[in-house]
Amino acid sequence: MSTSVSEVYQHNKTFDPSTYTESYLSLSDRAEPFAKDLLLFRLQQLHQFYITTGPMLSGCRILEYGGGPGHIYPLISAAPFASEIVFAEYAEQNRKVAEQWKSYSSETPEMTALLEHVVRMLENNTAKNAVQERAMKLRSLISQILPCDINQEVALRDCTLPFDIVSTHLCLTAATSSVEQYVLNLRKLARLLRPGGMIVMTEPIGGTFYLVGSQRLPDLYVSSTEVVRESLLQAGFTDVSIKTLKVRPTEVTDHVEYAFCTAVLDSV
Ligand SMILES: C[S@@+](CC[C@H](N)C(=O)[O-])C[C@H]1O[C@@H](n2cnc3c(N)ncnc32)[C@H](O)[C@@H]1O
(Lines give C-alpha, C1' and ligand atoms only; values in the text may rest on other atoms or scores of the structure.)
Protein backbone atom coordinates (compact mmCIF):
# COMPACT_ATOMS: atom_id res chain seq x y z
CA MET A 1 0.00 0.00 0.00
CA SER A 2 1.45 3.40 -0.94
CA THR A 3 1.15 6.31 1.40
CA SER A 4 -0.42 9.48 0.02
CA VAL A 5 2.92 11.31 0.07
CA SER A 6 4.13 9.06 -2.78
CA GLU A 7 0.98 8.92 -4.84
CA VAL A 8 1.90 12.09 -6.73
CA TYR A 9 4.80 10.21 -8.31
CA GLN A 10 2.60 7.64 -9.98
CA HIS A 11 1.28 9.86 -12.75
CA ASN A 12 2.84 11.65 -15.68
CA LYS A 13 0.58 14.60 -14.88
CA THR A 14 2.10 15.14 -11.44
CA PHE A 15 5.62 13.83 -12.06
CA ASP A 16 6.49 14.10 -15.70
CA PRO A 17 9.91 12.49 -16.38
CA SER A 18 10.82 14.90 -19.20
CA THR A 19 9.89 18.01 -17.22
CA TYR A 20 11.84 16.76 -14.19
CA THR A 21 14.86 15.90 -16.36
CA GLU A 22 14.85 19.28 -18.11
CA SER A 23 14.57 21.18 -14.84
CA TYR A 24 16.76 19.15 -12.50
CA LEU A 25 18.97 16.69 -14.38
CA SER A 26 20.30 18.84 -17.16
CA LEU A 27 23.45 20.90 -17.56
CA SER A 28 21.80 22.97 -20.31
CA ASP A 29 20.73 26.58 -19.86
CA ARG A 30 17.09 25.48 -19.67
CA ALA A 31 17.73 23.87 -16.26
CA GLU A 32 16.90 25.76 -13.08
CA PRO A 33 20.13 27.63 -12.17
CA PHE A 34 20.21 26.29 -8.58
CA ALA A 35 19.46 22.77 -9.92
CA LYS A 36 22.46 22.97 -12.22
CA ASP A 37 24.68 23.96 -9.27
CA LEU A 38 23.20 21.09 -7.27
CA LEU A 39 23.79 18.61 -10.08
CA LEU A 40 27.42 19.74 -10.47
CA PHE A 41 27.86 19.48 -6.69
CA ARG A 42 26.51 15.91 -6.66
CA LEU A 43 28.61 14.85 -9.65
CA GLN A 44 31.73 16.26 -7.98
CA GLN A 45 30.95 14.59 -4.63
CA LEU A 46 30.13 11.27 -6.28
CA HIS A 47 33.36 11.44 -8.27
CA GLN A 48 35.34 12.11 -5.06
CA PHE A 49 33.56 9.32 -3.23
CA TYR A 50 34.16 6.70 -5.91
CA ILE A 51 37.79 7.55 -6.64
CA THR A 52 38.63 7.39 -2.93
CA THR A 53 36.37 4.52 -1.83
CA GLY A 54 35.82 2.68 -5.11
CA PRO A 55 39.15 0.85 -5.24
CA MET A 56 38.44 -0.66 -1.79
CA LEU A 57 35.02 -1.77 -2.99
CA SER A 58 36.24 -3.03 -6.33
CA GLY A 59 33.75 -5.39 -7.95
CA CYS A 60 30.96 -4.04 -5.77
CA ARG A 61 27.22 -4.51 -6.24
CA ILE A 62 25.37 -1.19 -6.21
CA LEU A 63 21.70 -0.44 -5.71
CA GLU A 64 20.38 2.88 -7.04
CA TYR A 65 17.20 3.43 -5.01
CA GLY A 66 14.45 5.84 -6.15
CA GLY A 67 16.60 6.57 -9.17
CA GLY A 68 14.02 8.74 -10.94
CA PRO A 69 13.60 9.08 -14.67
CA GLY A 70 16.58 7.05 -15.73
CA HIS A 71 19.22 9.74 -15.85
CA ILE A 72 21.60 7.60 -13.96
CA TYR A 73 24.02 10.40 -13.11
CA PRO A 74 24.99 8.92 -9.69
CA LEU A 75 26.34 5.81 -11.41
CA ILE A 76 28.64 7.38 -14.00
CA SER A 77 31.51 7.64 -11.49
CA ALA A 78 30.60 4.28 -9.94
CA ALA A 79 30.81 2.22 -13.13
CA PRO A 80 34.60 1.62 -13.14
CA PHE A 81 34.34 -0.04 -9.70
CA ALA A 82 31.06 -1.95 -10.00
CA SER A 83 30.34 -5.54 -10.98
CA GLU A 84 26.56 -5.10 -11.04
CA ILE A 85 24.01 -2.30 -10.69
CA VAL A 86 20.35 -2.73 -9.79
CA PHE A 87 18.18 0.30 -10.59
CA ALA A 88 15.07 0.56 -8.42
CA GLU A 89 12.38 3.17 -8.94
CA TYR A 90 8.90 3.68 -7.54
CA ALA A 91 7.12 5.26 -10.53
CA GLU A 92 6.37 3.18 -13.60
CA GLN A 93 6.83 6.06 -16.05
CA ASN A 94 10.33 6.63 -14.67
CA ARG A 95 11.24 2.94 -14.90
CA LYS A 96 10.15 3.03 -18.56
CA VAL A 97 12.62 5.85 -19.26
CA ALA A 98 15.38 3.82 -17.61
CA GLU A 99 14.42 0.72 -19.64
CA GLN A 100 14.43 2.74 -22.85
CA TRP A 101 17.83 4.20 -22.03
CA LYS A 102 19.23 0.73 -21.32
CA SER A 103 17.89 -0.77 -24.53
CA TYR A 104 18.89 2.10 -26.85
CA SER A 105 22.45 2.65 -27.89
CA SER A 106 22.15 6.42 -28.38
CA GLU A 107 22.17 9.12 -25.71
CA THR A 108 19.88 12.04 -25.04
CA PRO A 109 21.71 15.41 -25.12
CA GLU A 110 21.26 15.65 -21.31
CA MET A 111 22.86 12.27 -20.71
CA THR A 112 25.72 12.98 -23.13
CA ALA A 113 26.47 16.23 -21.27
CA LEU A 114 26.50 14.39 -17.90
CA LEU A 115 28.75 11.61 -19.21
CA GLU A 116 31.11 14.14 -20.77
CA HIS A 117 31.26 16.22 -17.62
CA VAL A 118 32.22 13.23 -15.47
CA VAL A 119 34.54 11.44 -17.87
CA ARG A 120 36.25 14.46 -19.50
CA MET A 121 36.13 17.19 -16.83
CA LEU A 122 36.22 15.29 -13.52
CA GLU A 123 38.23 12.23 -14.53
CA ASN A 124 40.28 14.11 -17.10
CA ASN A 125 40.01 11.15 -19.44
CA THR A 126 40.89 12.26 -22.97
CA ALA A 127 40.75 8.85 -24.66
CA LYS A 128 38.76 9.16 -27.89
CA ASN A 129 35.94 6.73 -27.07
CA ALA A 130 35.95 7.10 -23.29
CA VAL A 131 32.50 8.68 -23.08
CA GLN A 132 30.80 6.10 -25.31
CA GLU A 133 32.61 3.28 -23.52
CA ARG A 134 31.41 4.53 -20.12
CA ALA A 135 27.84 4.62 -21.40
CA MET A 136 28.15 1.09 -22.76
CA LYS A 137 29.65 -0.14 -19.51
CA LEU A 138 26.82 1.41 -17.53
CA ARG A 139 24.22 -0.26 -19.74
CA SER A 140 25.88 -3.64 -19.37
CA LEU A 141 26.25 -3.29 -15.58
CA ILE A 142 22.53 -2.67 -15.01
CA SER A 143 21.18 -6.16 -14.44
CA GLN A 144 17.66 -5.28 -13.26
CA ILE A 145 15.26 -2.34 -13.31
CA LEU A 146 12.84 -2.99 -10.47
CA PRO A 147 9.86 -1.34 -8.77
CA CYS A 148 10.41 -0.29 -5.18
CA ASP A 149 8.48 1.37 -2.39
CA ILE A 150 10.26 2.59 0.72
CA ASN A 151 6.96 2.72 2.58
CA GLN A 152 6.44 -1.03 2.28
CA GLU A 153 7.82 -3.23 5.04
CA VAL A 154 10.32 -4.68 2.57
CA ALA A 155 11.77 -1.83 0.54
CA LEU A 156 12.88 -3.97 -2.43
CA ARG A 157 11.91 -7.43 -3.62
CA ASP A 158 12.98 -9.86 -6.32
CA CYS A 159 16.70 -9.35 -6.24
CA THR A 160 19.73 -10.89 -4.60
CA LEU A 161 20.91 -9.33 -1.34
CA PRO A 162 23.07 -7.86 0.06
CA PHE A 163 24.49 -4.87 -1.78
CA ASP A 164 27.85 -3.23 -1.07
CA ILE A 165 26.49 0.26 -1.78
CA VAL A 166 23.03 1.77 -1.67
CA SER A 167 22.91 5.06 -3.56
CA THR A 168 19.81 7.22 -3.11
CA HIS A 169 19.40 10.88 -3.97
CA LEU A 170 16.55 13.26 -3.21
CA CYS A 171 14.30 10.24 -2.69
CA LEU A 172 13.76 9.60 1.01
CA THR A 173 12.49 13.06 1.89
CA ALA A 174 10.19 12.94 -1.16
CA ALA A 175 8.67 9.66 0.03
CA THR A 176 8.53 10.20 3.79
CA SER A 177 6.16 12.25 5.91
CA SER A 178 7.88 12.36 9.33
CA VAL A 179 11.38 12.23 10.80
CA GLU A 180 10.40 9.05 12.70
CA GLN A 181 9.44 7.43 9.39
CA TYR A 182 12.65 8.75 7.86
CA VAL A 183 14.71 6.78 10.41
CA LEU A 184 12.59 3.66 9.80
CA ASN A 185 13.06 4.05 6.05
CA LEU A 186 16.83 4.40 6.46
CA ARG A 187 16.73 1.15 8.47
CA LYS A 188 14.93 -0.54 5.57
CA LEU A 189 17.73 0.54 3.23
CA ALA A 190 20.29 -0.68 5.79
CA ARG A 191 18.70 -4.16 5.56
CA LEU A 192 19.62 -4.25 1.86
CA LEU A 193 23.31 -3.72 2.63
CA ARG A 194 25.99 -6.09 3.90
CA PRO A 195 27.59 -5.16 7.23
CA GLY A 196 30.35 -2.69 6.37
CA GLY A 197 28.48 -1.67 3.20
CA MET A 198 27.87 2.00 2.49
CA ILE A 199 25.00 4.35 1.87
CA VAL A 200 25.59 7.36 -0.42
CA MET A 201 22.83 9.91 -0.52
CA THR A 202 21.81 13.50 -1.20
CA GLU A 203 19.24 15.03 1.12
CA PRO A 204 17.51 18.41 0.88
CA ILE A 205 17.51 20.49 4.05
CA GLY A 206 15.16 23.15 5.38
CA GLY A 207 12.45 22.93 2.74
CA THR A 208 8.96 21.58 2.24
CA PHE A 209 8.38 21.41 -1.52
CA TYR A 210 9.78 21.50 -5.04
CA LEU A 211 8.08 22.16 -8.37
CA VAL A 212 8.00 19.85 -11.37
CA GLY A 213 6.58 22.13 -14.04
CA SER A 214 3.55 23.64 -12.33
CA GLN A 215 3.12 20.68 -9.98
CA ARG A 216 4.11 21.24 -6.37
CA LEU A 217 5.55 18.11 -4.75
CA PRO A 218 5.92 17.85 -0.98
CA ASP A 219 9.24 17.17 0.72
CA LEU A 220 9.85 16.21 4.33
CA TYR A 221 11.07 19.22 6.33
CA VAL A 222 14.50 18.30 7.72
CA SER A 223 15.65 21.19 9.85
CA SER A 224 19.41 20.64 9.67
CA THR A 225 22.15 18.27 8.58
CA GLU A 226 22.35 17.14 12.22
CA VAL A 227 18.92 15.54 11.81
CA VAL A 228 20.28 13.53 8.87
CA ARG A 229 23.40 12.56 10.83
CA GLU A 230 21.38 11.52 13.88
CA SER A 231 18.89 9.58 11.72
CA LEU A 232 21.73 7.66 10.04
CA LEU A 233 23.23 6.79 13.44
CA GLN A 234 19.84 5.67 14.74
CA ALA A 235 19.37 3.52 11.66
CA GLY A 236 22.61 1.63 12.43
CA PHE A 237 25.16 3.55 10.37
CA THR A 238 28.51 4.86 11.53
CA ASP A 239 31.36 6.99 10.08
CA VAL A 240 28.87 9.55 8.80
CA SER A 241 30.38 12.15 6.48
CA ILE A 242 28.33 15.14 5.27
CA LYS A 243 29.26 17.78 2.70
CA THR A 244 26.86 20.63 2.04
CA LEU A 245 25.82 23.06 -0.65
CA LYS A 246 23.92 26.14 0.47
CA VAL A 247 21.31 27.55 -1.90
CA ARG A 248 18.84 30.43 -1.89
CA PRO A 249 15.16 29.46 -1.69
CA THR A 250 13.34 30.26 -4.95
CA GLU A 251 9.78 29.88 -6.20
CA VAL A 252 10.86 26.44 -7.47
CA THR A 253 11.82 25.08 -4.07
CA ASP A 254 12.23 26.38 -0.52
CA HIS A 255 15.22 24.14 0.29
CA VAL A 256 18.12 26.12 1.77
CA GLU A 257 20.85 23.48 1.69
CA TYR A 258 21.68 20.06 0.23
CA ALA A 259 23.65 17.44 2.12
CA PHE A 260 25.77 14.85 0.37
CA CYS A 261 26.17 12.06 2.90
CA THR A 262 28.08 8.83 3.10
CA ALA A 263 27.97 6.34 5.98
CA VAL A 264 29.03 2.80 6.75
CA LEU A 265 26.63 0.14 8.00
CA ASP A 266 27.88 -0.88 11.42
CA SER A 267 29.11 -4.43 11.34
CA VAL A 268 28.51 -5.28 14.99
C1 LIG B 1 13.02 14.18 -6.41
S2 LIG B 1 12.90 12.67 -7.25
C3 LIG B 1 14.60 12.14 -7.22
C4 LIG B 1 14.95 11.32 -8.40
C5 LIG B 1 16.44 10.98 -8.56
N6 LIG B 1 16.89 10.13 -7.50
C7 LIG B 1 17.30 12.22 -8.64
O8 LIG B 1 18.31 12.28 -7.93
O9 LIG B 1 17.00 13.11 -9.41
C10 LIG B 1 12.16 11.64 -6.00
C11 LIG B 1 12.14 10.18 -6.37
O12 LIG B 1 11.58 9.43 -5.26
C13 LIG B 1 10.78 8.41 -5.81
N14 LIG B 1 9.79 7.96 -4.80
C15 LIG B 1 8.63 8.56 -4.47
N16 LIG B 1 7.96 7.80 -3.58
C17 LIG B 1 8.73 6.72 -3.35
C18 LIG B 1 8.58 5.57 -2.52
N19 LIG B 1 7.50 5.39 -1.76
N20 LIG B 1 9.56 4.65 -2.52
C21 LIG B 1 10.67 4.83 -3.27
N22 LIG B 1 10.87 5.89 -4.07
C23 LIG B 1 9.91 6.83 -4.12
C24 LIG B 1 10.12 9.09 -6.99
O25 LIG B 1 9.51 8.17 -7.89
C26 LIG B 1 11.27 9.87 -7.58
O27 LIG B 1 12.01 9.11 -8.50
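**Entry 1: a helix across the sheet**

Which strands does helix H9 (residues 179-190) lie across? I looked this up in a predicted model, in which local features need pLDDT of at least 70 and side-chain atom pairs count only at pLDDT 80 or more, while totals for chains, interfaces and linings use all residues. I number residues from 1 along each chain as its sequence is written, and side-chain values use heavy atoms, with hydrogens and water left out. H9 lies across strand E1 (60-65), strand E4 (163-169), strand E5 (193-205), E8 and E9, and runs at about 140° to E5. For the names, helices (H or I, at least four residues) and strands (E, at least two) are DSSP runs, numbered from the N terminus. For the angles, axes are lines fitted to C-alpha atoms, for helices over the stretch in contact (heavy atoms within 4.5 Å), and the angles run from 0 to 180 degrees between N-to-C directions.

**Entry 2: the sheet**

I followed the open sheet of 7 strands in the order E3-E2-E1-E4-E5-E9-E8 and noted mixed pairing, where two strands pair if DSSP finds at least two bridges between them. Strand E3 (142-147) and strand E8 (237-246) are the edge strands, each pairing on one side only. On average, neighbouring strands of this sheet are turned by 15° against each other, direction ignored.

I then went to E5, where 10 of the 13 residues are buried (under 20% relative accessible area, with a 1.4 Å probe and protein chains only), so E5 is largely enclosed by the rest of the structure. E4 and E5 run parallel and are joined by 6 bridges, and serine 167 stands opposite valine 200 in E5. E5 and E9 pair in the antiparallel sense over 8 bridges, with tyrosine 258 in E9 as the bridge partner of proline 204. E8 and strand E9 (residues 257-265) also pair in the antiparallel sense over 8 bridges, and here isoleucine 242 has cysteine 261 in E9 as its bridge partner.

**Entry 3: helix H10**

I found helix H10 (residues 225-234) packed on the sheet, touching E5, E8 and E9, with its direction making about 160° with that of E8. Thr225, Val228, Ser231 and Leu232 of H10 are buried. Seen down the axis of H10, the buried residues fall within an arc of 120° (taken over the directions from the helix axis to the C-beta atoms), so they line one face of the helix. The cover over these buried residues includes H9, E5, E8 and E9. Just after H10, I noted that glycine 236 takes a positive phi of about 105°.

**Entry 4: threonine 253**

Is threonine 253 buried or exposed? At 2% relative accessibility, threonine 253 counts as buried, and its place is the loop between E8 and E9. The side chain of threonine 253 reaches the backbone oxygen of phenylalanine 209 at 2.8 Å. Leaving out residues up to four places away in sequence, threonine 253 touches Phe34, Phe209, Tyr210 and Tyr258.

**Entry 5: the ligand**

I looked at the 24 residues around the ligand (a heavy atom within 4 Å), of which Ser6, Tyr20, Tyr73, Glu89 and His169 come nearest. An N or O atom in the side chain of tyrosine 73 is 2.4 Å from an oxygen atom of the ligand, and for the side chain of glutamate 89 an N or O atom is 2.5 Å from a ligand oxygen atom. For aspartate 149, a polar side-chain atom lies 2.8 Å from a nitrogen atom of the ligand.

Notes: Buried means under 20% relative accessible area, exposed over 50%, partly exposed in between (1.4 Å probe, protein chains only). A polar contact is a pair of N or O atoms within 3.5 Å; within protein, one must be able to donate a hydrogen and the other to accept it, and residues adjacent in sequence count only if both atoms are side-chain atoms.
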